[in-house]
Amino acid sequence: MTYQEKKSIVSLISTIIIFGAYCAYMYPQYPDGLQDSTETFRFWGSFVLILTLVSIVAHIVNSIAFNIVFRITTGEKEPSFADEMDKIIELRSFRNSFFVFVLGFLLAMGSLVIEQPLQVMFVTLIIFGFISDVTGSVTKLYHYRKGV
């Protein structure tokens, strides 16, 4: 397996673990019975903001740890350049990830149009944000395995 394939797999696994652990931690803190109240907005706003910050920090720490372990186990350095194939794969994974996120955003706004509770909008945004991150990692892994 190449460096990029291993990095994609580690990124995919860490994304799933981070999202699952954070949701399991936050779920019991949901304010029951507060439909469309300020407390509900505060909960979902903090949920998204903290999830974003935790994901960024965890991905940075994960990337550093991966590079250290990769260097120790293989004795190789991280590739210092990206060739055309790497750039094309990166663009395709970004495109697919962006498409999934925009689809989720449109569905979330559509839930408001059909007068669903606000929780539906927030949950849709959060789930599609997660799915878009997974889609990006899976796209990278697929294209590094099968080619462009």
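1. Let's start with a salt bridge, meaning a side-chain nitrogen of Lys or Arg within 4 Å of a carboxyl oxygen of Asp or Glu. Lys 140 makes one with Glu 90, and the closest N and O atoms are 3.3 Å apart. Because Lys 140 sits in helix α4 and Glu 90 in helix α3, the pair ties together parts that are 50 residues apart in sequence. Lys 140 is partly exposed at 25% relative accessible area, and Glu 90 is partly exposed at 42%. Here, buried means under 20% relative accessible area, exposed means over 50%, and partly exposed is in between (1.4 Å probe, protein chains only).

2. Before going on, please note that this is a predicted model, in which local features need pLDDT of at least 70 and side-chain atom pairs count only at pLDDT 80 or more, while totals for chains, interfaces and linings use all residues. Residues are numbered from 1 along each chain as its sequence is written, and side-chain values use heavy atoms, with hydrogens and water left out.

3. The structure holds two salt bridges. Arg 145 and Glu 5 also meet through their side chains in a salt bridge, at 3.2 Å from N to O. This pair links distant parts of the chain, with Arg 145 in helix α4 and Glu 5 in helix α1 (residues 3–26), 140 residues apart. The two partners are worth a look: Arg 145 is exposed, with a relative accessible area of 53%, whereas Glu 5 is buried at 5%.

4. Now for the overall picture. The protein has four helices and zero strands, giving the pattern α-α-α-α along the sequence. Helices (H or I, at least four residues) and strands (E, at least two) are DSSP runs, numbered from the N terminus. The C-alpha trace spans about 55 × 30 × 20 Å along its principal axes. Of the 148 residues, 30% are buried.

5. Contacts are worth a word too; a contact means heavy atoms within 4.5 Å. Among contacts between residues at least 6 apart in sequence, 78% join residues at least 24 apart. For a local example, take Ser 132 in helix α4, which is buried at 7% relative accessibility. Leaving aside neighbours within four places in sequence, Ser 132 touches Ser 97, Val 100 and Phe 101.

6. A nonpolar surface patch is formed by Ile 56, Ile 60, Ile 64, Ile 68 and Ile 72, with about 500 Å² of accessible area together. Patches are made of residues with over 30% relative accessible area and no salt bridge; like charges are joined within 9 Å, and nonpolar side chains (Val, Leu, Ile, Met, Phe, Trp, Tyr) within 5 Å.

7. Finally, which residue other than glycine has a positive phi, near 60 degrees? Glu 115 does. Glu 115 is in the loop between α3 and α4 (118–146) and is exposed, with a relative accessible area of 72%.

Note on methods
Accessible areas come from the Shrake-Rupley method with a 1.4 Å probe; for residues, only the protein chains shown count as cover.
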